[in-house]
Amino acid sequence: MKKLLLSIPLLACALALGLTSCNENTNVDDFEVDQKYEYFPLEIGKYFVYAVDSVVYDTLASGVVATPSSSFVREEITDTLRDNSGRLAYRIERSYRRNSDDPWQISDIWVSLRTDRQAERVEENLRYVKLVFPLIEGVGWNGNLFIDETTLITIAGESVELFKDWSYFADQVDVAETIGDIAFDNVATIVQADSENLIELRYSVEKYAKGIGLVYKEMRILDTQNITSDATPWEQKAQKGFTMIQRLIEHN
C-alpha cells in the first residue's frame, strides 16, 4: 500500500493537535509535541538477545544452493564515548553463538547515538539514520544519508548492491503487536526498503518497541537472472543474496 510521506519541515502544522491548516496566527510553541524518543532508548547496562534465522543463496557449478542457518546475537550497551563531532554516543558490544548452550563470543563493536532530530547507528562501519523525531506515521527520510547506494556487499563470494532503491518511512507508530512470544503495547514499524523488479528484490523492515528499542528485523535482499513470466516466488528463483529474520527473545 502506498503511504503518504510527510517531509520533516511540514510537520509543524500537522502536529498541532489535528489542525488542518496553519496560518500566521498559529503559534507552534503553544503545542507540546511527543517526539517518541522512547522508541530508541540508550542506557549503559541494557542488553538484548535476538534469535536470527537466515538463508544465503549461492550459485555454484551444480546450481543454486540455499543454505539456512540459525544463531543468537546478544547486544549490550557497555560504555559511552564522543564521536568525531563531539556528540555523546553509546558503545554496543555484540556477541554471537550458534546454539543456546554455547558460550558467547564477541564479534563486533557498534555505536548508537540519539540527537533531538534523529537516531543513528553505526553497523559494520556503515552509519544509518534509523529514526527521525518526532516519529509520526507516514514520515519519510533518507536513512542511508551516509551510505552510497552503489556500495557492494559481498555475500557468499558474490557482490550485491544491497542498498539500491532504499527509502525509509514510518509505516505504523504506537501499534500493539506480538512478536514471537512477547507482546508489546507500542510498536513502530519502519520500512527501509520495499522495491522489486524482474531481477532484484530489496525489502528491509525494522520494528521498535517503546521503552525497549529494536525488537524485530526482516531483510530479503535477492538477485536473479532467471526471468520468468509466471509469479515464481523469489526464494525459488533467487541466484544470490539472502533472507534474514531477527527477533528479540530476551532483554533487561
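**Close-up views of a predicted model**

**View 1. The largest pocket and its lining.** The largest pocket is lined by 36 residues, and Trp110, Glu124, Met219, Phe242 and Met244 lie nearest its centre. This is a predicted model: local features need pLDDT of at least 70, side-chain atom pairs count only at pLDDT 80 or more, and totals for chains, interfaces and linings use all residues. Residues are numbered from 1 along each chain as its sequence is written, and side-chain values use heavy atoms, with hydrogens and water left out. A pocket is found on a 1 Å grid over the protein atoms alone, as an open set of points with protein on both sides within 12 Å along at least five of seven lines. Lining residues have an atom within 4 Å of a point. The volume of the largest pocket is about 870 Å³. A volume is the space filled by probe spheres set on the points, which are joined across faces, edges and corners. The pocket lining divides into 18 nonpolar, eight polar and ten charged residues. Here Ala, Val, Leu, Ile, Met, Phe, Trp, Tyr, Cys and Pro count as nonpolar, Asp, Glu, Lys and Arg as charged, and the others, Gly among them, as polar.

**View 2. Phe242 and its strand partners.** Phe242 in E14 stands opposite Val56. Phe242 is also the bridge partner of Ile221. E1 and strand E14 (residues 240–251) pair in the antiparallel sense over ten bridges. E13 and E14 also run antiparallel, joined by eight bridges. Strands (E, at least two residues) are DSSP runs, numbered from the N terminus. Two strands pair if DSSP finds at least two bridges between them.

**View 3. The largest cavity.** A cavity is a set of grid points where a 1.4 Å probe fits but cannot get out. The count comes to one cavity of 30 Å³ or more. The largest cavity has a volume of about 200 Å³. Its lining holds 18 residues, with Phe40, Phe48, Glu75, Arg121 and Leu214 nearest the centre. Among the elements that give two or more residues to this lining are strand E1 (47–60) and strand E13 (213–223). E2 gives the most, with three residues. By class, the cavity lining has ten nonpolar, two polar and six charged residues.

**View 4. Asp108 in strand E4.** Asp108 sits in strand E4 (residues 105–114). Is Asp108 buried or exposed? Asp108 is buried, with a relative accessible area of 19%. Buried means under 20% relative accessible area (1.4 Å probe, protein chains only). A polar contact of 3.1 Å joins the side chains of Asp108 and Ser107. Such a contact is a pair of N or O atoms within 3.5 Å; within protein, one must be able to donate a hydrogen and the other to accept it, and residues adjacent in sequence count only if both atoms are side-chain atoms.

Methods
Helix = DSSP H or I, 4+ residues; strand = E, 2+ residues; numbered from the N terminus. Buried < 20%, exposed > 50% of the residue type's maximum accessible area, 1.4 Å probe, protein only.
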